[in-house]
Amino acid sequence: MLTIRLLIISLCSLELTFAFHIFSRSHLDITCKYKLKNARTTSGDSNELSSPRSVFRDGDNGVGESDVAAHAVVSRRSALMALVTLSPLVLGDTALALNDVASAAVEDKDTSAKIHDNPSPNAFLRTSDPKLTTRVSMPLIAYSFYKTSPEQSPRGLALALRAGIRHFDTATDYGNFDAIAPILRRYWNSGEISWRFADEKDELLRTLDDARKAAEESHGGSPGLKLTMGKRQRRRDTFITYKISNGEQSTDPLSVRRTVKNLLSRLDTSYLDLVCLHSPLTDPDRRIATYKTLLELQNEGLIRAVGVCNYGLCHLQEITRNELPLPAVNQLELSPFNMHEPIVRFCKENNVQVSCAAWSRLSSTDGPVEQWAKLGDIAKAKGVTKAQVLVRWALQKGFGCAPRSGTGSKLERIAIAENSYGGVVNLELSSEEMKLLDSLDVNYKAGKLGRRDGWIDEDVTNINWDPTEANC
C-alpha cells in the first residue's frame with residue numbers, strides 16, 4: 001500500500017507541475033471554450049443534474065480582443081479546476097480550497113476580461129477571520145421557503161434543483177425544514193432528486209430545464225454546477241442559508257451551539273453555509289452573545305459565513321461597538337419601494353453583502369399600489385412577470401434576493417424557473433428603467449405592508465413600524 005501511495009503521489013506531482021505550468025501561461029488555445037461548453041456530463045439517472053459550469057454563450061463564434069482576455073480568465077480557471085480534480089486521495093481538503101480559488105478566477109473584476117454584461121450569479125462573502133485563505137461564494141438568487149407549507153416544500157425544492165437553483169433560504173420560523181432535509185440529503189449522497197418528475201407536466205419540465213440551460217450558457221452558469229460532481233462537491237455546490245429565530249437567540253453559548261449542531265444532524269452535513277440572526281427584535285445582550293457564538297462556530301468550521309437579517313444602522317453599529325467583525329450578509333425587506341438607502345450605503349462601504357428577503361404582499365391592497373402599477377408597466381413592456389423585474393433589478397443593483405413560490409398552482413410552479421438566474425439572464429433593464437424603478441422608493445414600512453418574516457403581530461406597533469428601527 002505504501003508503494004502504491006508513493007506512486008500516486010509521484011503521478012500527482014507530475015500532474016500538479018503540468019497544471020501549474022498551464023495556469024502560469026497568459027494565453028490559451030481558443031478551442032478551450034468549446035471544450036468547456038461541450039464537457040457536459042450526465043449520469044445514468046435522468047433526474048441527476050450534473051453539468052459543469054459553462055462560461056460562453058452559444059453562438060459566440062467571433063474572437064476579438066475581449067474574447068482573448070476572457071479566455072485567459074477561463075484558462076486560469078481551467079488549470080485550477082484540473083488541480084481540483086487531480087487525485088483527491090492525495091489532495092484531500094486542498095482540492096476544496098483550490099476549488100474556491102478556481103471559482104474566484106472566473107469572477108475576474110478586470111473590465112477588459114468581462115465575458116459579457118450579465119451580472120455575476122455569485123457574490124464572494126467576507127469572513128470573520130482574515131487568516132482564512134478561501135472565500136465563500138454565495139449564489140445571489142436563492143429559493144426561499146418563506147410561507148411555503150411543509151406539504152408543498154419537498155416539491156418546491158425538487159423543482160428548484162431541476163431549474164439549477166443551488167441556494168436555499170430556510171429558517172426556524174418557516175416550519176418546513178424537516179420536510180426538505182431528506183431531499184437535500186439524498187441529493188448530496190446520490191445526485192438524485194427524489195421527486196416524481198414523471199407526474200409533472202412536460203411544459204413545466206421544459207421550463208425548468210430551459211432555465212437551467214440558460215444559466216449554464218451564461219456568465220458562470222447555474223450557481224454550483226462545476227466540473228466535479230461527487231458527494232462532497234454536490235454538498236459544496238449547494239448553499240444553505242439558515243435563520244435562527246428570536247427564541248433561539250441566547251446569552252448561553254451552549255444553547256446556540258445546540259441549535260446549530262441540531263441543524264447539522266438533521267441535514268447530515270458537517271457545516272452550514274450561512275447562518276443569520278433572523279431579526280434584531282430581542283435585546284442587545286442576546287443579539288451580541290448569539291452573534292459571538294456564531295462567529296466561534298465559523299472559526300471552528302461548522303459555519304462558513306455569519307449574517308443578519310433586518311438589521312438597521314443602530315444594530316450594525318452595535319456590532320462594531322463590541323469590536324466584532326461585521327456580518328457577511330444583511331438581508332432586508334428591500335424593494336424599489338423601500339430601498340433602505342442609509343443601511344445599504346453603510347453595508348456597501350463596509351463590504352457587507354445586501355440581500356432582499358422574499359417579496360410578499362407587494363401586490364396586495366396594503367402594498368404600494370401606484371408604484372406597483374408602474375413596475376407592472378415595465379414587466380408588460382418586457383413580456384415578463386413583475387417578480388422577474390424585481391429579481392433582475394436586484395441583480396443589477398448587486399443585491400442578493402430570495403424569491404419564494406409555492407407549488408399549489410401551475411403559475412406558482414413555473415414561477416420557480418422564471419425567478420431563477422436562468423429565468424432572468426436574458427432580461428436586461430435599461431438605465432432608464434432602473435432609474436424609474438429607483439424613483440419608486442417611498443420608504444414603504446413593514447408595519448404598513450403587513451409582512452411577518454422574523455417578527456409577529458405583537459411586535460408591530462403601528463404602520464410606521466420597521467424592524468430595522470426597532471429595539472435599538
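The legends below describe close-up views of a predicted model.

In this predicted model, local features need pLDDT of at least 70 and side-chain atom pairs count only at pLDDT 80 or more, while totals for chains, interfaces and linings use all residues. Residues are numbered from 1 along each chain as its sequence is written, and side-chain values use heavy atoms, with hydrogens and water left out.

**View 1. The largest nonpolar core and the surroundings of F168.** A nonpolar core is a set of buried Ala, Val, Leu, Ile, Met, Phe, Trp, Tyr and Cys residues joined through side-chain atoms within 4.5 Å, where buried means under 20% relative accessible area, exposed means over 50%, and partly exposed lies in between (1.4 Å probe, protein chains only). The largest such core holds 106 residues, and F168, L294 and W393 are those with the most contacts inside it. Helix α7 (residues 177–190) supplies the largest share of this core, seven residues; helices (H or I, at least four residues) and strands (E, at least two) are DSSP runs, numbered from the N terminus. Contact means heavy atoms within 4.5 Å, and, leaving aside neighbours within four places in sequence, F168 is in contact with residues including Y143, F145, L161, L184, F239 and I240. Another core, of six residues, lies apart from this one, and among its members are L281, A446, V460 and W465. In soluble globular proteins, nonpolar side chains tend to be buried together.

**View 2. Helix α11 and what covers it.** Helix α11 (residues 284–299) has 16 residues and reaches 23 Å from its first C-alpha to its last, close to the 22 Å expected at 1.5 Å a residue, the expected span being 1.5 Å times one less than the number of residues. Among the buried residues of α11 are R287, I288, Y291, L294 and Q298, and what covers the buried residues of this helix includes the strands β5 (239–244), β6 (272–277) and β7 (303–309) together with the helices α10 (253–267) and α12 (313–321). At the start of α11, a side-chain oxygen of D283 reaches to within 3.1 Å of the backbone nitrogen of D285. The helix is followed by G301, whose phi is positive, near 90°.

View 3. A search of the whole structure finds one disulfide, defined as a pair of cysteine sulfur atoms within 2.5 Å. C314 counts as partly exposed because its relative accessibility is 23%, whereas C472, at 60%, counts as exposed.

**View 4. Strand β9, covered on both faces.** In strand β9 (residues 353–356), Q353 and S355 on one side and V354 and C356 on the other are all buried. Strand β8 (residues 329–332) pairs with β9 in the parallel sense over four bridges, pairing requiring at least two bridges found by DSSP, and N330 has V354 as its bridge partner in β9. S355 is buried, with a relative accessible area of 7%, and, not counting residues up to four places away in sequence, S355 touches V329, N330, Q331, L332, G400 and C401.

Note on methods
A polar contact is a pair of N or O atoms within 3.5 Å; within protein, one must be able to donate a hydrogen and the other to accept it, and residues adjacent in sequence count only if both atoms are side-chain atoms.
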